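Have a look at the model first, then try each task before reading its solution.

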Amino acid sequence: MINNSPSENGLMSADIVEKRKQTRPRIGVFGVGYYKYWSQFEGLLEDMLQKQAVFIEKIQTGSYAEVIDFGLIDDVHKAYDLVPKLNAANLDLIFCDMVTYATSNTFGVVIRNINVPIVLVALQPDKAMDYSRASTYMQLYNDDICSLPEFAGVAARMGKKVPDMIIGTLYDDPQADAEIEEYCRIAAVLHDLKSARIGHIGHPIEAMLDMHSDSTMLTAHFGAHIVQCEAHEIVTQYQNSTADEIDPVKERILEFFDTPDPVSDPISEKLRDSDLEIAARVTVALEKFIEEKKLDGLAYYYEGPENSETRTVMSNLIVGNSLLTGAGFPMCGESDLKTCFAMLIMERLGIGGSFAEFHPVDFKEGFVLVGHDGPHNVAIADGKPVLRSLTKYHGKPGFGAGVEFKIKEGPITMLSINSTYDGKFKFVIAEGQSVEGPIPPTGNTNTRGFFKPDVRTFLQRWMKEGPTHHFALGIGHHAKAIAKIAGYLNLEAVIVDLRE
């Protein structure tokens, strides 16, 4: 479920949108130790196994992950035996639990032959040794960090990236627990990126050169399959929708959205019954279409002939796609596949992910409006989202219902994914604040985005990194986690500098 009051991660707590499905990543765990200790210190091996059991329990209670325990590896023979088991397990992420000192041959063999992200975990059971009663046994019991430099150096010698590390205590360490939980969410992102089916209909709006994507390169770098779909597949579902299917959706929409009178924008009106009928019917068609195609996301833009049923349908996906995006199914207008991936990353990371671009700057108060028309993530809305009837969709054909809200007040993160000249992808990431205040009543989303050191400097720095004009907008500060995901995908990532 996605909820509507802040939690530790920035997700919400009163149920408003039922998630379509829960991602269940596969996480492997193996411990490392040194076999010579076991005969020297009676009971030490049992204590090490107990430490590893406590760590595994942390993963299982703090995430929805499927955990595969590969036991304790304490010599090079077991390391060689472990490699094919890890490769066969189809893992999304691996934790190496450093329960005590271990020679690096237990790790070098693994990291050389494994391409799955590995995180070294060094959580000693005691916050400090009792020095008045200290013993060699006590030291070995708490020697979790001892091998970290050795393992890091061997990773470098093997031509691999030095793994990420979690350093802390096994008990009563909220920071370590939060890091474990974050890596489990990263595993969920990696799991779905390599298996998702992202639908694509039509083409980017004419002349938007930054929007174009090579579907094969998206598969090459992310793993997901791009499913080329046709507009008529949704139109056919629209034609076949019945009153029994449409009426409950109309009730659901009216319950979920507010429908106020228009304010200052002359192209906005109170929601018309005819626009509600079309929005509900299109929502039914859209949901049936994505189930039939077995999709996990959709990027679309298709105009269709003037005054045609195709145009009516394809220009009125906004309500349905906003509900779907809030339920964990990212949708992008303007056929923006790259931003659909950015939204998928944010959604599976648990921070929302709404379709966004920059709107006018408020130079008086020092913020920029961040939002878009079309698809939005209603699960991270501040209050009840609004539906307005729009007599025209600016810059696009058609008319109908538009979704309006602002992102919840508090920390926000932005992710733009652009193609580079050499055919790869680059993550441009930044953090800011969503601040309370009025937004334009235009039937579009808008959020007051404040960024350091000031709005003018921030915008210059953001643009200098070569982003697309669209990006995904999520709640909470998660730039470092997203940069880790880029690193695991062997893609460039830049976190825009917010310093003075």
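A crossing counts as left-handed if the near helix is turned anticlockwise from the far one by less than a right angle, and as right-handed if clockwise. The model is predicted: local features need pLDDT of at least 70, side-chain atom pairs count only at pLDDT 80 or more, and totals for chains, interfaces and linings use all residues. Residues are numbered from 1 along each chain as its sequence is written, and side-chain values use heavy atoms, with hydrogens and water left out.

**Exercise 1.** Work out how α11 passes α13.

Step 1: find the elements. Helices (H or I, at least four residues) and strands (E, at least two) are DSSP runs, numbered from the N terminus. Helix α11 covers residues 273–293 and helix α13 covers residues 318–326.

Step 2: take the geometry. Axes are lines fitted to C-alpha atoms, for helices over the stretch in contact, and angles run from 0 to 180 degrees between N-to-C directions. The two helices pack at about 50°, with axes 7 Å apart. That makes α11 oblique to α13, where under 35 degrees is roughly parallel, over 145 roughly antiparallel, 65 to 115 roughly perpendicular and the rest oblique. The crossing of α11 past α13 is right-handed.

Step 3: list the contacts (heavy atoms within 4.5 Å). From α11 come Ala 279, Thr 283, Leu 286, Glu 287 and Ile 290; they meet Val 319, Gly 320, Asn 321 and Leu 324 of α13. These residues divide into five nonpolar, three polar and one charged. Here Ala, Val, Leu, Ile, Met, Phe, Trp, Tyr, Cys and Pro are nonpolar, Asp, Glu, Lys and Arg charged, and the others, Gly among them, polar.

**Exercise 2.** Find the strands that pair with β18, and say whether they run parallel or antiparallel.

Step 1: apply the rule that two strands pair if DSSP finds at least two bridges between them.

Step 2: start with β17 (residues 410–419), which pairs with β18 in the antiparallel sense over ten bridges. Leu 415 has Ile 429 in β18 as its bridge partner. Five residues separate the two strands of this hairpin, and Gly 423 in the turn has a positive phi of about 85°.

Step 3: move on to β21 (residues 492–495), joined to β18 by four bridges and running parallel. Lys 426 is partnered by Glu 492 in β21.

Step 4: finish with β19 (residues 445–450), which is antiparallel to β18 over two bridges. Ser 434 has Gly 449 in β19 as its bridge partner.
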